[in-house]
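Subject: Handover of a structure and the findings from it

Dear colleague,

I am passing on to you the structure shown below. Please look it over before you read the notes that accompany it.

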Amino acid sequence: MKSEYKNFSGYILAGGKSSRMGRDKAFLEINGTTFIQNAVDILKPVCAARIKIVLNPDRTDPVSKLPTKIASIFDLHKTRGPLGGIHAALNDCQTEFAIILAVDQPLVSGALIADLADHALRSGPDVVIPQSESGDFKQLCTVYNVESSFRLLDKLLSDDTTSVSVLRFIEALEDREVFSLEGHASDFENINNPEDYDRIKS
């Protein structure tokens, strides 16, 4: 592990309801490994032991099934979806950068995470966000500069009457770096329902 990676912590967003899947996606398996353990393994080469799982405080039942020695934290804003999870992660983070990874992206590679981290180290932006060749942003596989991004997000979420999406938050950050997914196109598959899950397994 590069010595520079001491500036990175990893956070796995695992607080979704998985309503379309019908069961908790965190504990689905790929190649004999649960999605949640797979996400931990993806982040370890960059984040070492600085990995935590972000959960919804209304759903504490998964805690007992989480990977051993991996701490968990809870959303501070219960009804803000993934953005609430990002906020909890940035609030908790003690390093310069936070890597955010949604649990339902099991095909993301460790090589991509390292590439994103290296990009953040070179340019030091508020956020590094991957973009596919078709122009889609991968909003839940990102690297944030904790100090600058948390300050803005905390302000955005302080108004409970205003709806804010993850993309709107990212677009509001002044220094954004787009990372081209050329060479990493196969890292992303949407896993929303049993059909999606069957497809990636095959």
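The notes below describe the sheet, the helices and several individual residues.

This is a predicted model, in which local features need pLDDT of at least 70 and side-chain atom pairs count only at pLDDT 80 or more, while totals for chains, interfaces and linings use all residues. Residues are numbered from 1 along each chain as its sequence is written, and side-chain values use heavy atoms, with hydrogens and water left out.

The sheet

Helices and strands are DSSP runs numbered from the N terminus, with at least four residues of H or I for a helix and at least two of E for a strand. An open sheet is formed by 7 strands in the order β5-β4-β1-β6-β8-β7-β9, and its pairing is mixed. Two strands are taken to pair if DSSP finds at least two bridges between them. At the edges are β5 and β9 (176-180), each of which pairs on one side only. From one strand to the next, the twist averages 25°. Axes here are lines fitted to C-alpha atoms, for helices over the stretch in contact, and angles run from 0 to 180 degrees between N-to-C directions.

In general, strands of a sheet pair through backbone hydrogen bonds, either parallel or antiparallel. Strand β7 (residues 127-131) pairs with β9 in the parallel sense, over 5 bridges. Q131 stands opposite S180 in β9.

Helices on the sheet

Helix α3 (residues 110-123) packs on the sheet and touches β1, β6, β7, β8 (141-145) and β9; its direction makes about 145° with that of β9. Contact means heavy atoms within 4.5 Å. Helix α1 lies across β1, β4 and β6 (97-102) and runs at about 170° to β1.

How do α1 and α3 pack? Their angle is about 40°, and their axes are 8 Å apart. The crossing of these two helices is right-handed, a term used if the near helix is turned clockwise from the far one by less than a right angle. I42, L43 and V46 in α1 meet G110, I113, A114 and A117 in α3.

Helix α6

The buried residues of helix α6 (residues 194-201) are D196, Y197 and I200. Because they cover an arc of only 100° around the axis, they are on the same side of α6; the arc is that of the directions from the helix axis to the C-beta atoms. Buried means under 20% relative accessible area, exposed means over 50%, and partly exposed is in between, with a 1.4 Å probe and protein chains only. The buried residues of α6 pack against β2 (29-30) and α1. At the start of α6, a side-chain oxygen of N193 reaches to within 3.1 Å of the backbone nitrogen of E195.

Individual residues

S9 lies in strand β1 (residues 8-13) and is buried, with a relative accessible area of 6%. Its side chain makes a polar contact with the side chain of T95 at 2.8 Å. A polar contact is a pair of N or O atoms within 3.5 Å; within protein, one must be able to donate a hydrogen and the other to accept it, and residues adjacent in sequence count only if both atoms are side-chain atoms. Leaving aside neighbours within four places in sequence, the contacts of S9 include C47, R50 and C93.

R50 is in the loop between α1 and β4 and is partly exposed, with a relative accessible area of 27%. With neighbours within four places set aside, R50 is in contact with Y5, K6, F8, S9, G10 and T95. The C-alpha atoms of R50 and D160 are separated by 31 Å, and these residues are 110 residues apart along the chain.

N145 is found in strand β8 and is buried, with a relative accessible area of 13%. A polar atom of the N145 side chain lies 3.3 Å from the backbone nitrogen of E147.

Backbone angles

Most residues other than glycine have a negative phi. A48, although not a glycine, has a positive phi of about 50°. This residue is placed in the loop between α1 (35-47) and β4 (51-55) and is partly exposed, at 28% relative accessible area. K69 likewise has a positive phi, near 70°. K69 is in the loop between β4 and β5 (71-74) and is exposed, with a relative accessible area of 86%.

With kind regards
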